[in-house]
Amino acid sequence: MAMLTVRNLPDEVHRALRVRAARRGRSTEAEVRAILQETVLPEGRVGLGSLLTAIGRRAALSDEEFAAFSQRDTAPAQPLDLE
């Protein structure tokens, strides 16, 4: 786990954090961790895979078009000969 130090935190913010933590039955440090986690990793965030799936559904590909993706050439690309 990483450690984080926050400098120059205004007293009023620190007090508000302590009050908020007490209301939730947590330490101030645990409350700050929860706030950061909820902010940076929100529950409703959309992952890349879900986003790509939604785009694919909106494209309304036919079964044949979808099957074409799995039939693509998987051989390694050859370098371009510029001579």
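**A greasy patch, a charged network and a pocket**

Leu4, Val6, Leu9, Val13 and Leu36 together make a nonpolar surface patch of about 430 Å². To join such a patch, a residue needs over 30% relative accessible area and no salt bridge; nonpolar side chains (Val, Leu, Ile, Met, Phe, Trp, Tyr) are linked within 5 Å, and like charges within 9 Å. The areas come from the Shrake-Rupley method with a 1.4 Å probe, and for residues only the protein chains shown count as cover. The model is a predicted one, where local features need pLDDT of at least 70 and side-chain atom pairs count only at pLDDT 80 or more, while totals for chains, interfaces and linings use all residues. Residues are numbered from 1 along each chain as its sequence is written, and side-chain values use heavy atoms, with hydrogens and water left out.

Helices here are DSSP runs (H or I, at least four residues; strands are E, at least two), numbered from the N terminus. Leu36 counts as partly exposed because its relative accessibility is 41%; the cut-offs are under 20% for buried and over 50% for exposed, with partly exposed in between (1.4 Å probe, protein chains only).

Next come the charges. The whole structure holds 4 salt bridges, each being a side-chain nitrogen of Lys or Arg within 4 Å of a carboxyl oxygen of Asp or Glu. In one of them, Glu31 meets Arg20 at 2.5 Å, N to O. This pair ties together distant parts of the chain, with Glu31 in helix α2 and Arg20 in helix α1 (residues 11-23), 11 residues apart. Glu31 is buried, because its relative accessibility is 0%, whereas Arg20, at 30%, is partly exposed. Glu31 also pairs with Arg26 (2.8 Å, N to O) and with Arg24, where the closest N and O atoms are 3.8 Å apart. Both of these arginines are partly exposed: Arg26 has 33% relative accessibility and Arg24 has 45%. Through shared partners, the salt bridges join Arg20, Arg24, Arg26 and Glu31 into one network.

What about empty space? Rolling a probe the size of a water molecule over the atoms shows where such space is left. The largest pocket has a volume of about 580 Å³. Of its 16 lining residues, Leu4, Glu29, Val32, Arg33 and Leu36 are the closest to the centre. A pocket is an open set of points on a 1 Å grid over the protein atoms alone, where a 1.4 Å probe fits and protein lies on both sides within 12 Å along at least five of seven lines; lining residues have an atom within 4 Å of a point. Grid points are joined across faces, edges and corners, and the volume is the space filled by probe spheres set on them. Helices α1 and α2 each supply at least two lining residues, and α2 gives the largest share, with 7. By type, the lining splits into 11 nonpolar, 3 polar and 2 charged residues (nonpolar: Ala, Val, Leu, Ile, Met, Phe, Trp, Tyr, Cys and Pro; charged: Asp, Glu, Lys and Arg; polar: the others, Gly among them).

Finally, a word on backbone angles. Asn8, in the segment before α1, has a phi near 60°, a positive value in a residue other than glycine. Asn8 is exposed, at 77% relative accessibility. Ala60 likewise is not a glycine, yet has a positive phi of about 50°. Ala60 lies in the loop between α3 (48-59) and α4 (63-70), and counts as exposed at 60% relative accessibility.
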